[in-house]
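Colleague: I am new to this structure and should like to understand the terms used to describe it. Could you please take me through them?

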Amino acid sequence: MNDAHWHLVVNHFPIIGTILALGILIAGLFLKNNSVKNTAYALFIVAAIFAAFSMATGEGAEEMVEDMPTIGKRIIHEHEEIAEKLAIVLYLLGGISVLGIILNLKNHAKAKFISIVAVIVGIGAVYVAQLVGTSGGEIRHTEIRATNENNAIVPEKSTPLKDE
């Protein structure tokens, strides 16, 4: 397997994992259940680890596809820039999550505050994750690009019907 393949294998979990973890964390806050919140924190940490894997394989994937027709360096660079921002947010969220687990285990008074901070950062992470997912999808799926000459409707050549 090459870096492009590995990148496709690992790049989905930071996005999907963050969305799932955010929902679980919100549920844990409403239920006032530390086990549920710790589950969300664990998912945030795993999402941050997979973000590191995605970043590590992204450069190799870029090298393999940047010169393919309909791709080009500009669209990959845009995806890379947004992905770097997501990685930073997920690393921060992973750190907050480690702190959240520790505070929950110690029944610390600041545990709820950290949960709220994690929700706020998680919402931001989900937004950036959506941007990364869309820009990544646009690399190979030209049909979803907002501005693309390939999206133009081109009439087919019409041939007159023969009467037989």
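Modeller: Let us begin with a definition: a residue is buried when its relative accessible area is under 20%, exposed when it is over 50%, and partly exposed in between (1.4 Å probe, protein chains only). This is a predicted model, in which local features need pLDDT of at least 70 and side-chain atom pairs count only at pLDDT 80 or more, while totals for chains, interfaces and linings use all residues. Residues are numbered from 1 along each chain as its sequence is written, and side-chain values use heavy atoms, with hydrogens and water left out.

Colleague: What elements does the protein chain have?

Modeller: The protein chain has five helices and zero strands, where helices (H or I, at least four residues) and strands (E, at least two) are DSSP runs numbered from the N terminus. Of its 164 residues, 37% count as buried.

Colleague: How do you know that the length of helix H2 agrees with its number of residues?

Modeller: The expected span of a helix is 1.5 Å times one less than its number of residues. Helix H2 (residues 12–31) has 20 residues and should therefore span 28 Å; its end C-alpha atoms are 28 Å apart, which agrees.

Colleague: Which residues of H2 are buried, and what puts them on the same side?

Modeller: The buried residues of H2 are Pro14, Ile15, Gly17, Thr18, Ala21, Leu22, Leu25 and Gly28. They cover an arc of only 165° around the axis, so they lie on the same side of H2; the arc is that of the directions from the helix axis to the C-beta atoms. The face turned away from this buried side carries the exposed residues Phe30 and Leu31. After H2 comes Lys32, with a positive phi near 55°.

Colleague: What makes a pair of residues a salt bridge, and how many are counted here?

Modeller: The rule asks for a side-chain nitrogen of Lys or Arg within 4 Å of a carboxyl oxygen of Asp or Glu. The count comes to one salt bridge. It joins Glu78 and Arg74, whose closest N and O atoms are 3.6 Å apart. Both residues lie in helix H4 (residues 72–105), four residues apart, about one turn of the helix.

Colleague: Why is Glu78 called partly exposed, and why is Arg74 called exposed?

Modeller: Glu78 has 35% relative accessibility and therefore counts as partly exposed. Arg74 has 62%, so Arg74 counts as exposed.

Colleague: What makes a set of residues a nonpolar core?

Modeller: Its members are buried Ala, Val, Leu, Ile, Met, Phe, Trp, Tyr and Cys residues joined through side-chain atoms within 4.5 Å. The largest such core has 25 residues, of which Leu25, Phe44, Leu90 and Leu93 touch the most other members. H2, helix H3 (34–65), H4 and helix H5 (111–140) each supply at least two of its residues. H5 gives the most to this core, with nine residues. Apart from it lies another core, of five residues, among them Val65, Ile71, Ile76 and Ile139.

Colleague: Which residues is Leu93 in contact with, leaving aside its neighbours within four places in sequence?

Modeller: Leu93 is in contact (heavy atoms within 4.5 Å) with Phe44, Ala118, Val121, Gly122 and Ala125.

Colleague: Which residues does the UniProt annotation "transmembrane region" cover?

Modeller: The unreviewed UniProt entry places it at residues 12–31, 38–58, 88–106 and 113–132. Over residues 113–132 the chain is 100% helix and 0% strand, with the end C-alpha atoms 28 Å apart.

Definitions and conventions. UniProt positions renumbered as here; feature names shortened; annotations may be inferred.
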